[in-house]
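Morning, everyone. Please have a look at the model on the screen, and then I'll walk you through it.

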Amino acid sequence: MYRYDEFDHTLVKERVTQFRGQVERRLAGDITEDQFKPLRLMNGVYLQLHAYMLRVAVPYGTLSGKQMHMLADIATKYDKGYGHFTTRQNIQYNWPALSDIPAILDDLASVEMHAIQTSGNCIRNVTSDQYAGAAAGEVDDPRIWSEIIRQWSTFHPEFTFLPRKFKFAVCGMNEDRAAIRFHDIGIEVVKGKDGAPAFDIYVGGGQGRTPMIGHLIGEAVPAVDLIAYLESIMRVYNMNGRRDNLYKARIKILVHALGAEEMKRQVEEEFVHVKEKGVVNLPEEEIARIRAYFAPPAYEALPDESSALNEAMADNKKFADWVKTNVAEHKADGYAIANISLKPVGGVAGDASDDQMHVMADLATQYSFDELRVTHEQNIVLAHVKKDDLFALWQGLEKAALGTPNLALITDHIVCPGLDYCALANARSIPISQEIAERFNDLDRQHNIGELKVKISGCINACGHHHVGHIGILGVDKKGTEFYQISLGGSADENASVGDILGPAFTEDEIADAIETIVETYIKIRQEGERFIETYRRVGKEPFKETLYATH
Amino acid sequence: MAQHTNTRATTQAVTANRLLDGEVVYFTADGTWSDWLKDADVADGKEACAALLAKAEPSVAAQQVVEPYLFEVAVEDSAIVPASVREKIRMAGPTIRLDLGKQAASI
């Protein structure tokens, strides 16, 4: 994985020193809250319902064991013994004191981490595919390009005060696990004419109060031009994006207003100027330098079939269930990708205790080349585990209550913090997730239902990705009471779609019953082998609406 | 005015977050800030509420609190009860972690 060079170290250290001074001046009364707020936000510090919240960047979700240990230590030392992994593949601490934050940033800097660009109207942490470098069929490792974008965008003076926040996602193949079509800019690595990596570039996707699917405007852009093309998009947005209305300031609104064709024309016009200057042409040697950091680990030559794995699965149903749901194919023979679910029934989606973080770090060191990935679906991945080691890994996870076998099943939700923590939320999300998980706790039932992605947001900002849930749930406030609106048919993958709102909202007491009615309707009308999303696309919302509102 | 202030409310108290650690605090009758809603001063009527908030405001410049605002309460059997779910959660802590926030003190 990427390691800091002297410039990175200096940059991060200077930033900590700068922020320490800003905190001291704030506490001494030399600067007001209005002056301090934009400064703290630039360093990932929010003020939430109960306390400050610190959001720490995990670039494209990749962490070393040492870094994960440090995240655990920070949770112990400065917070309340846990952290929350987010849909931007970051981690948030919910209880730090403002006066402690400079010390936390020092600790983070000691393991090459920071909280820069985790807030504010700048280019945010770049997200990517959690199976990067491990998935079969990948054109190229998307982390190489994510890292290049990170370096280009970090403290880029032209893009520090954009009309609104700006999010990139990169995936390395046509199977999209990074939700690239729901980002301000989404990038898919494709094969260029010469067989070298090139880039399909989607622009203007997003969720929030106006969900939109990104438009493909750059096709097979060659590597040398990648940054020039992205810079051109950013310039068109920076010039023409709306700064008069917070709710219309994202690039998706600009693309919608101009039309994708006109957006493309303006970007290409700008691209000609950027190219003429030539200053952001990406040099081959720089690509090679970054690529070297993401060289494949030293896989052993193994047979693809593991008799140790087969025997353990035959002897232990619980382990076999975990393998069936949480383990994915790896490109190297004899290896597998292991998903650690942070969605135990009764738990809080995305939360991990300090002890659990230490366990995951140790297991990564022991079994997966000392590397972990945070997923945008709020789980953790060990990307390169020998099949022979899966049973030992699972035993280690089980001991730490990390062996929940529910990946992509109906109890594996994306959930925003909601009104339990968030100052913007209108309704709670976490208790709704817990009620649904408890209702569908039976694993055989979950398997019978099959892949079903439930995503829950506590307000229209859609941090819980409800628009792209196969079942989406949005919490709303009606005169001080929480209600929950259901949408169906959303999807964040390569067949992107925005969910359709079903009808009137439900109370907290009604929502689990409502979800059960939807699921039972699906079970009745599905065809052989048909996933929920496929059934929905075949029949539309009417059959679900009929059963749902007939019984409520 | 804070987005969570109910403009139609008549009975209100003033809350904020403490600057140093972000803790939820309530403005009291003696002009200090308490961690507990039971200590809050409660005002009735538009003018009294505005006066209460005005009395709390200097604490911002004094680096004690951030963003004070009025919120609706009811006084039931001499206990002060917030009207909204949001303020009930701020007063207690996350509903899904009873070991965290102010509610943890009673465990």
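Let's start with a single residue pair. A:Ala338 has A:Leu382 in β15(A) as its bridge partner. Strands here are DSSP runs of E, at least two residues, and helices are runs of H or I, at least four, numbered from the N terminus.

A word on the source. This is a predicted model, where local features need pLDDT of at least 70, side-chain atom pairs count only at pLDDT 80 or more, and totals for chains, interfaces and linings use all residues. Residues are numbered from 1 along each chain as its sequence is written, and chains are lettered from A and ligands numbered from 1 in the order in which they are written.

Back to the strands. β12 (residues 335-340) and β15 (residues 380-386) of chain A run antiparallel, joined by five bridges. Strands count as paired if DSSP finds at least two bridges between them.

Now the whole sheet. It is open, with five strands in the order β3-β14-β15-β12-β11 of chain A, and the pairing is antiparallel. Which strands are at the edge? They are β3 (62-64) and β11 (327-329) of chain A, each pairing on one side only. On average, neighbouring strands are turned by 30 degrees against each other, direction ignored. Helix α12 (residues 354-367) of chain A packs on this sheet and touches β12, β14 (371-374) and β15 of chain A. The helix direction makes about 25 degrees with that of β15(A). Axes are lines fitted to C-alpha atoms, for helices over the stretch in contact, and angles run from 0 to 180 degrees between N-to-C directions.

Next, helix α7 (residues 251-258) of chain A. Its buried residues are A:Ile251, A:Lys252, A:Ile253, A:Leu254 and A:Val255. Buried means 20 or more other C-beta atoms within 10 Å of the residue's own, with C-beta atoms placed from the backbone. These buried residues pack against β9 (197-203), β10 (215-222), α6 (226-240) and α8 (260-277) of chain A. Just after α7(A), A:Gly259 takes a positive phi of about 90 degrees.

Last, the chain contact. 22 residues of chain B are in contact with 22 residues of chain A. Contact means C-beta atoms, placed from the backbone, within 7 Å. On the chain B side, the largest share, four residues, comes from helix α3 (residues 85-92) of chain B.

Key: Two residues are in contact if their C-beta atoms, placed from the backbone, lie within 7 Å. A residue is buried if 20 or more other C-beta atoms lie within 10 Å of its own, exposed if 12 or fewer, and partly exposed in between; C-beta atoms are placed from the backbone.
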